[in-house]
Every structure is written in structure tokens, then in C-alpha cells.
Amino acid sequence: MSLSAAGRAADTPATAVSVWPVRPVPFAAHIETIGQVEPLQGVTLSPEIAGRITELDFDSGATVRKGQLLLILNDAPEQGELIRQSGELRAAEADLARARSLIRTGVESHEDLETATARFEAAKGNVARVQAVIDQKHIRAPFDGAVGIRQVNLGQYLNPGDAIATLTSYTRMRVNFILAEENAASVQLGQTVHLAFDTTPGQDFTATVTTIDPRIDGSHTLSIQALLDAPPTDLHPGTYAHVSIAAKVAPHLVVPETAVTYTAYGETLFVEQPSTDGPTVTATAVRAGDRRNGWVVIDDGVKPDDRVVTSGQNRLVTGMKVREIPEALPLASLRELAQ
């Protein structure tokens with residue numbers, strides 16, 4: 001500014017402004033990263049053995065319970081075999097009971113009892129084998145959840161591994177995210193992290209860190225997993241999560257964010273200067289850091305006890321006289337900066 005301009009600024013009446021005394025406050029720097037949601041339990045249902053669908057007891061989007069029958073592959077041959085093997089089991093069981101009774105009278109030998117026992121065990125194994133095949137053809141929900149889009153139809157022949165539908169549990173979710181190597185010390189097991197989702201704007205959720213990969217990978221990042229116990233009802237697996245992690249609390253110089261003027265050349269604060277004719281202001285270049293809850297950390301450019309203008313900067317130039325007017329600032333939110 002030229003001397004004449006500075007003189008004109010000094011001659012103008014004092015401009016009413018609000019000011020804030022700069023002082024160090026406890027501030028928890030936050031590390032921001034992006035994570036991705038995955039279900040705590042989620043599978044693609046598929047058959048273990050081949051067969052034709054004879055019963056289909058669910059539809060796309062259905063909510064199912066653990067153990068609920070979803071479909072049956074043709075099990076008529078196995079059901080017939082089960083009847084035959086069950087008959088043989090009953091006969092073997094009767095022979096075993098008779099052998100045990102007769103051995104006490106000495107009519108049969110221990111060898112006969114062992115033979116009857118072996119036949120009974122073999123028959124029981126045959127029944128269990130056939131029943132296992134039937135169970136494989138009865139596809140049931142392995143846990144409570146929501147079924148995705150059904151990919152099969154009644155009468156369709158399925159091979160082992162063919163996709164039937166996805167099943168997802170929405171009661172609990174995991175969030176996977178990564179941190180740069182230099183931030184690895186800022187997170188630990190059991191720590192709470194804050195989450196925000198684009199699908200639920202304005203809402204904040206918390207998750208607990210449950211897993212930290214013991215190795216730093218080739219890109220010098222650390223993989224971390226956190227558990228979200230009560231996800232919003234409309235949160236879907238694959239959704240991106242904005243993850244915020246509170247780092248170590250330390251004193252920082254903070255000012256209301258309204259005090260900072262942002263330009264293409266950087267950030268500026270108007271700092272009040274004492275004068276015999278009344279206080280004036282000086283535009284001071286600063287380096288702003290973290291921002292949160294309407295406050296901003298000033299890493300360089302001001303010192304404790306500086307008084308900075310928080311409103312009315314658009315009418316100010318360096319050297320202009322000012323007079324202070326009171327302004328109520330949210331001190332409660334200032335205390336939250338340590339969280």
C-alpha cells in the first residue's frame with residue numbers, strides 16, 4: 001500500500017469489527033481417509049452337488065432366517081435310498097439286540113456279537129451318508145440376512161458352485177481403510193473412528209478398530225479394519241466411507257474460520273495493532289492447517305495474544321482504524337476440538 005493510501009486509511013472513521021484473541025487450545029488433529037464398507041457376513045449361495053431345482057421357496061430381496069429352506073434339488077432317488085437304508089438299519093439294530101441277549105445265555109459267541117455290531121454300525125453309516133446327500137440338496141440360509149437378486153428358476157439344472165443368490169447380513173458392518181506409513185502410530189486396537197457416508201449426509205457414526213495388519217505393504221500403507229455395530233438401514237456393502245481418526249491432542253493456535261480470508265495467493269488474517277489514535281489492522285499472510293467445527297488451526301503467521309478480526313474484513317485495508325464490537329462465539333464447540 002502507498003503512503004498516501006495508508007494515510008487515507010488512517011483518516012477514515014473507525015470501522016466496527018469483531019475480534020478474537022489468539023491463544024493455544026487443546027486440539028486433536030484428525031487424519032482423514034476413505035474406506036469401503038463390507039458386510040460382517042456375506043456369501044454367494046451355491047450348491048455343493050448337481051441337481052434340478054424341484055422347490056424354490058424364496059424370491060429376490062427376501063429377508064430370511066438362519067436355517068430357513070431356500071430351495072431343493074431333486075432328491076427323489078436319495079429319499080428312496082434313505083427308506084431302504086433305514087430298513088436295513090432297523091434290521092441290523094434288531095440283530096444286535098438279539099446278539100446281546102443271547103451272548104448272556106452263552107448261545108452266541110463274542111464273534112457273533114462283533115459281527116452284529118459291525119453290521120449295525122455299517123447300516124447307521126449308510127443312513128448318515130444318504131441323509132448328508134439329501135441335506136446337500138436342501139439349500140438353507142447359513143445366517144439371518146437379506147437375499148440379493150435371485151439368479152435361478154424352478155426346474156433349472158445347477159452344477160456345483162453355480163450362483164443362486166447373494167445373502168448379506170446388515171446387522172453389523174466392517175469398514176476397510178488404509179493409512180500412510182507415517183500415520184501408523186495414530187491408530188490402535190479398540191480405538192474409535194468417526195464415519196460419514198454420502199448416503200446419510202449430516203450424520204456421524206462411530207466404529208471400533210478391530211484389526212490392524214501387522215505389515216506395511218509395498219506402497220508404504222497400513223490396512224485397517226473397523227467394526228460398525230449399528231449401521232444405518234440404507235447402508236449397502238461397497239459404499240464409500242469418509243473415515244476420520246483423532247490423533248494426539250496438543251496445543252494449537254486456533255481462530256474462527258470466519259477470520260480467514262482465502263485468496264488465490266494464500267490465506268490472510270487482519271491482525272489488530274495498538275495505536276495512540278486507536279487500534280488499526282494489518283493484513284497478515286498466514287498458513288492455515290486443520291479445520292473443524294468452524295475453527296481453523298493457524299500453523300504460521302500469528303502468535304499468542306494477537307487479536308484477529310472475525311467479521312467485517314471485506315471493508316478493511318491495512319492501516320485502517322477499527323473499533324471492537326462484541327460477538328458471541330460458540331465456546332462449547334471450541335472445547336470439542338480436543339475430541
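Modeller: Contact here means heavy atoms within 4.5 Å. Keep in mind that this is a predicted model.

Biologist: Which residues does F197 touch, not counting residues up to four places away in sequence?

Modeller: Heavy atoms within 4.5 Å count as touching. Sequence neighbours up to four places away are left out. What remains for F197 is V37, F205, L228, L235, T239, Y240 and A241.

Biologist: Which residues in the largest nonpolar core touch the most other members?

Modeller: This core has 21 residues. Strands β2 (23-39), β11 (173-180), β12 (192-196), β13 (205-212), β14 (221-228) and β15 (240-256) each give two or more residues to it. The members that touch the most others are F177, V193, L195, F197, L228 and V243.

Biologist: Are helix α2 and helix α3 roughly parallel or roughly antiparallel?

Modeller: Two packed helices are described by the angle between their axes and the distance between the axes. Here the axes of α2 (residues 76-105) and α3 (residues 110-137) come within 8 Å and cross at roughly 160°. Angles over 145 degrees count as roughly antiparallel. Therefore α2 and α3 are roughly antiparallel.

Biologist: Is the crossing of α2 and α3 left-handed or right-handed?

Modeller: The residues of the contact between α2 and α3 divide into 14 nonpolar, 7 polar and 10 charged. As for the hand, α2 passes α3 in a crossing that is left-handed.

Biologist: Is T115 buried, partly exposed or exposed?

Modeller: T115 sits in helix α3. Its relative accessibility is 40%. Buried needs under 20% and exposed needs over 50%, so T115 is partly exposed.

Biologist: What distance separates the C-alpha atoms of T115 and T282?

Modeller: Along the chain, T115 and T282 are 167 residues apart.

Biologist: Is G87 buried or partly exposed?

Modeller: G87 belongs to helix α2. Its relative accessible area is 27%. Buried means under 20%, so G87 counts as partly exposed.

Biologist: How far apart in space are G87 and D305, C-alpha to C-alpha?

Modeller: D305 lies in the loop between β19 (295-300) and β20 (307-311). In sequence, G87 and D305 are 218 residues apart. From C-alpha to C-alpha, the separation in space is 95 Å.

Biologist: Is D305 buried or exposed?

Modeller: The phi of D305 is near 80°, a positive value in a residue other than glycine. Its relative accessibility is 67%. Over 50% is the cut-off, so D305 is exposed.

Biologist: Where is H220 found?

Modeller: H220 has a positive phi of about 60°, although it is not a glycine. With a relative accessible area of 47%, H220 is partly exposed. Its place is the loop between β13 and β14.

Biologist: Is A141 buried or exposed?

Modeller: A141 is in the loop between β7 (138-140) and β8 (145-147). Among the residues A141 touches are V64, R65, K66 and L167. Its relative accessible area is 4%. The cut-off is under 20%, so A141 is buried.

Biologist: What is the relative accessible area of T168?

Modeller: T168 is found in strand β10 (residues 165-168). Its contacts include P39, F143 and P237. T168 is buried, with a relative accessible area of 11%.

Methods:
Residues numbered from 1 in each chain as written. Predicted model: local features only at pLDDT ≥ 70, side-chain atom pairs only at ≥ 80, totals over all residues. Heavy atoms only, no water. Axes fitted to C-alpha atoms, helices over the stretch in contact; angles between N-to-C directions. Helix = DSSP H or I, 4+ residues; strand = E, 2+ residues; numbered from the N terminus. Parallel < 35°, antiparallel > 145°, perpendicular 65-115°, else oblique. Left-handed = near helix turned anticlockwise from the far one by under 90°. Nonpolar A, V, L, I, M, F, W, Y, C, P; charged D, E, K, R; others polar. Core = buried A, V, L, I, M, F, W, Y, C linked by side-chain atoms within 4.5 Å. Buried < 20%, exposed > 50% of the residue type's maximum accessible area, 1.4 Å probe, protein only.
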